[in-house]
Amino acid sequence: MLLGKEIRKTVLSLTFVAFIIALLVMTISQDVLNFSDEVIVFPKQGADYGIQQKEVPELIMPAAFSSLCEEFAANEYIAYPIGFYKSVKLNDTDREKMADIISTLSGAEQEDGSIIIGKDDEVSETKGDIEVTLSDDISYEEFRACMKQADDLIGGGSNYSENNLLNYSYVAVTYEEAIENYNLIASKDKFTGAYARLFCDFVGIILSIFPVFIAVTVCLKDRRAKMNELIYARKTSSFKLILTRYFSVIIAAMLPTIILAYISNISVWGQYSGMSLDYLAPLKYTIGWLMPSVMISAAIGMFFTELTGTPIAIAIQGLWWFIDINVGVSKLRGVHTLFELAPRHNALRNTQTFLDEFNTLAANRLIIVGAALLLVIATVIIYEQKRRGELSGYETIKTHIAGLANRKSKSAA
Amino acid sequence: MKQSKHTLQVWQIAKVNLRHNFLPLLLLSVIIMMLTPALFGITHLDSKATAVPLEMFLSIIGIILLVPIFQPEHDDEIKDIIASKYIDSTYIHLIRVVYSVVGIIVLVLIFSLFMLLCGCEITMALICGTIADAMFLGSMGLLALAITGNLPVSFMVSLLYYVINIAMKSKLGNFNLFAMMDGNYKPNSYLFVASIIFITISVSVKRGFAKK
């Protein structure tokens, strides 16, 4: 009964309409509402199966070393620390350390930040003039350790970071591998899972920020309508009220998402007639992948709004979201971390990466759900305190500041 | 005499508004500004790379400073007090717009100077472009606030436009917020003009609602 009322209140708000528009704009602009043009077909022999990243030391080592030498000579290193381009110039101390690394890798001597090839031959610092070659005695493990040191000197996210080293190693997908990939999608994803995953990748960007607006609106509504005192006096417990509101926000955000996930997924069902499909994939993915992001976003919205009586939650969640989506750019192929807000997997295929990373993804989603529930409990406690008149949040701070300002002007007078 | 009384009035209104409404927003903008070098290295960047933190980070302060301009009147008590005064509320809104835009300009200038000291290539076009980006994003939310009277929705509008720019910037033509990082400065003049139009419409809409 109460849940129904709260859902109605949430859904009939302008914020919810704006949320729906945001969802539609995102899904339509990113072509994830209709996948009919992206059918996964069984590979034909002799066709081009594309290229893939594969850890091949013979490819990575010379290419990365050559790139490092070039960047060292120009003293200009390209990096993407949080997904954005950055050009780094090293100071003299770090340049010497970098020269040490190149010296270790090549066997050439270094002096004052310059590499010495022969006895009297000093390499000029002009771009592309380095002629040292990678030593044959260096093992791949040693090479990776040196590259890590180089990456640390640059400040992370450089071409020599663990992830980016793979960018030097693109190999053609063989026919056998193409079949293996196809079989993986057919057996593990049952086709529909692959589409649901790509849908979640894009929609997660919206769902990890926009529910905070809905939650803030719901919480500020009572205050604006001056209904707080009236609600405080009601018999309904704080726990029931806050939880009902919280779930009304979650349901309001998740229902249209599930509907859109099915609209998107159904667009390809006809292309796979006679094959085994997982018709529940859109539901499983939206709940498992997207709902934790919605939960934390809504929980932060409710917690900080109840605590301060202001929309500060938008700024807090906005900041986290902003950092997260930019960091996520470097993990588009489906690599996950424990504390990410919106997991990325910007590929229709790549099922093996998804399977390899599944445990980290699951742990991340559980941590996010746990944090969200803790924040909801904290919101209940704050609401209860306010109900008892023991906490008035921002109002008290504001009164104190105003009091202080008044006292100051009085003493000045 | 009349002139000095008028100046005093403007100063009094600005002072009260600055203290009660602007300071928290300015503080938040300064936090964003100070976070930028932590998130994005800003040493020895060429002009295209310099545009990245300016367009993608600094432009956000426009949302923070401009969108909530009409927010104080959402409190009925403040609205009644303002309505009871003989000074037109449009006048107060314009004062808020002016100090918010000045706030954007000052913050962008401070950050640009800091980047310049860090060895980045800063040009006048980059500075003006960043101000235009920030004003456009903020004025878009301000217009939404004037029409809907809903602050979260207004922030959503600005943020959605920001997300759209990340996702499909090449399709937005002259309204692309992040064109300077591709070396294209043309859209910024469109954005600036559009922001002035949005601010004018917003204040007019608010004036229309106040008269009703």
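Trainee: Which helix of chain B has the lowest confidence?

Mentor: The model is predicted, and chain B averages a pLDDT of 88, with 91% of its residues scoring at least 70. Within chain B, confidence is highest in helix H6 (residues 124–148), at a mean of 96. At the other end, with a mean of 68, confidence is lowest in helix H4 (residues 76–84) of chain B.

Trainee: Which helix supplies the largest share of the side of chain B that touches chain A?

Mentor: In the interface, 25 residues of chain B are in contact with 27 residues of chain A. Helix H1 (2–39), helix H2 (47–58) and helix H7 (151–168) of chain B each supply at least two residues of the side that touches chain A. The largest share, 12 residues, comes from H7(B).

Trainee: How many residues of the side of chain B that touches chain A are nonpolar?

Mentor: Sorting that side of chain B by class gives 1 charged residue and 6 polar residues. The nonpolar residues number 18.

Trainee: What span is expected for helix H5 of chain B at 1.5 Å a residue?

Mentor: Helix H5 (residues 89–117) of chain B has 29 residues. The expected span is 1.5 Å times one less than the number of residues. From its first C-alpha to its last, H5(B) reaches 42 Å, close to the expected value of 42 Å.

Trainee: Which residue just after H5(B) takes a positive phi?

Mentor: The place to look is just after H5(B). There, a positive phi of about 90° is taken by B:Gly119.

Trainee: What share of the residues of chain A count as buried?

Mentor: The secondary structure of chain A comes to 14 helices and 6 strands. Among its contacts between residues at least 6 apart in sequence, 77% join residues at least 24 apart. Of the 413 residues of chain A, the buried share is 39%.

Definitions and conventions. Residues numbered from 1 in each chain as written. Chains lettered and ligands numbered in written order. Predicted model: local features only at pLDDT ≥ 70, side-chain atom pairs only at ≥ 80, totals over all residues. pLDDT = per-residue confidence, 0-100. Helix = DSSP H or I, 4+ residues; strand = E, 2+ residues; numbered from the N terminus. Contact = placed C-beta atoms within 7 Å. Nonpolar A, V, L, I, M, F, W, Y, C, P; charged D, E, K, R; others polar. Buried ≥ 20, exposed ≤ 12 C-beta atoms within 10 Å, placed from the backbone.
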